Amino acid sequence: MPDISLTVTVALCLASLVAGWIDAVVGGGGLLLLPALLLGLPSGTPAAYALGTNKAVAIVGTAGAAVTYARKAPVDVRLAVRIGLAALAGSTAGAFVAAGMSTEVLKPVVMVVLLGVGTFVILRPAFGTAPSTAPVSPRRVLAAIGLAGLGIGFYDGLIGPGTGTFLVLALTALLHFDLVTASATAKIVNCCTNAGALATFAWKGTVHWQLAALMAVFNLAGGTIGAHTALKKGSGFVRVVLLTVVFALVANMAYQQWVA
């Protein structure tokens, strides 16, 4: 357990609770959880410990949300696992590339994409509000495995922020899911990518396991509550949260790029 005060520990647990809720509804919980860890861990702690502890916490909440969704929502678990395995391979490749290049040059591109996505969702009120009744073609399934799996998985390993949100958007657009089903499927995919990243951080010894275990309890509660909320409120509610997270991601990345 790192040397942090009781007040900071409580703050980290509350941040973990809220991040779990956000992540379960539409992805993007790391937008809150990772900065909280970076601020809460003792000064001078290598960033790798914040990253590793973040993954150890997030995988528990993500798994809880995935189980809750799988019980209540019409999720194709086999398809989600296929996309997840592709995302695992993509994130591994992205991590290797990230080790030899600066990702800062890519962040403005990601911000433009996010702004475009947000504008699209605003201008298309029906986007993701109801699933398509037509069967999904094998070509679209392959596109989902390639883009939502390999492509977004690669982005997760290379940069990371907003991966869950990108997954929700890609699954809605490619497979004609409603936003609730897309969120449910994204949780299963995220479990795969988080497991691969956590294994790497654990192997390197950069996880504060005791702190992670404590925070994971709160993240699990937040993730479970978030999944129930999304299932109860429906796609319209998820759409509002999605737009909020998209623009919060843009603001956060802009701050990191040009202010911090």
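Author: The account below begins with the salt bridge and then turns to the cysteines, a helix residue, a loop residue and a surface patch. The model is a predicted one.

The structure holds 1 salt bridge. Its partners are Asp 23 and Lys 187, whose closest N and O atoms lie 3.4 Å apart. Asp 23 belongs to helix H1, which covers residues 6-26, and Lys 187 to helix H8, which covers residues 179-204, so the pair ties together parts that are 164 residues apart in sequence. Both Asp 23 and Lys 187 are buried.

Covalent links between cysteines are a separate matter. A disulfide joins the sulfur atoms of two cysteines by a covalent bond. A search of the whole structure finds 0 disulfides. For Cys 192, the closest cysteine sulfur is that of Cys 191, and the separation of 6.9 Å is too far for a bond; the cut-off for a disulfide is 2.5 Å. Cys 192 has a relative accessibility of 16% and therefore counts as buried. Cys 13 also counts as buried, because its relative accessibility is 5%.

The relative accessible area of Thr 165 is 0%. Setting aside neighbours within four places in sequence, Thr 165 is in contact with Val 26, Gly 27 and Gly 28, and also with Leu 242, Val 245, Val 246 and Leu 249.

The loop between helix H7, residues 163-175, and helix H8 contains His 176. The phi angle of His 176 is near 60 degrees, a positive value in a residue other than glycine. Most residues other than glycine have a negative phi. With a relative accessible area of 32%, His 176 is partly exposed.

At the surface, Met 1, Leu 214, Val 217 and Phe 218 form a nonpolar patch, and together they have about 350 Å² of accessible area. One of these residues, Leu 214, lies in helix H9, which runs over residues 209-233. The relative accessible area of Leu 214 is 34%, so this residue is partly exposed.

To return to the request, the salt bridge of the model is the one between Asp 23 and Lys 187, and it links helix H1 with helix H8.

Terms used. Residues numbered from 1 in each chain as written. Predicted model: local features only at pLDDT ≥ 70, side-chain atom pairs only at ≥ 80, totals over all residues. Heavy atoms only, no water. Patch = residues over 30% accessible without salt bridge, like charges linked within 9 Å, V, L, I, M, F, W, Y side chains within 5 Å. Areas by Shrake-Rupley, 256 points an atom, 1.4 Å probe, with all protein chains shown as cover. Salt bridge = Lys/Arg side-chain N within 4 Å of Asp/Glu carboxyl O. Helix = DSSP H or I, 4+ residues; strand = E, 2+ residues; numbered from the N terminus. Buried < 20%, exposed > 50% of the residue type's maximum accessible area, 1.4 Å probe, protein only. Contact = heavy atoms within 4.5 Å.
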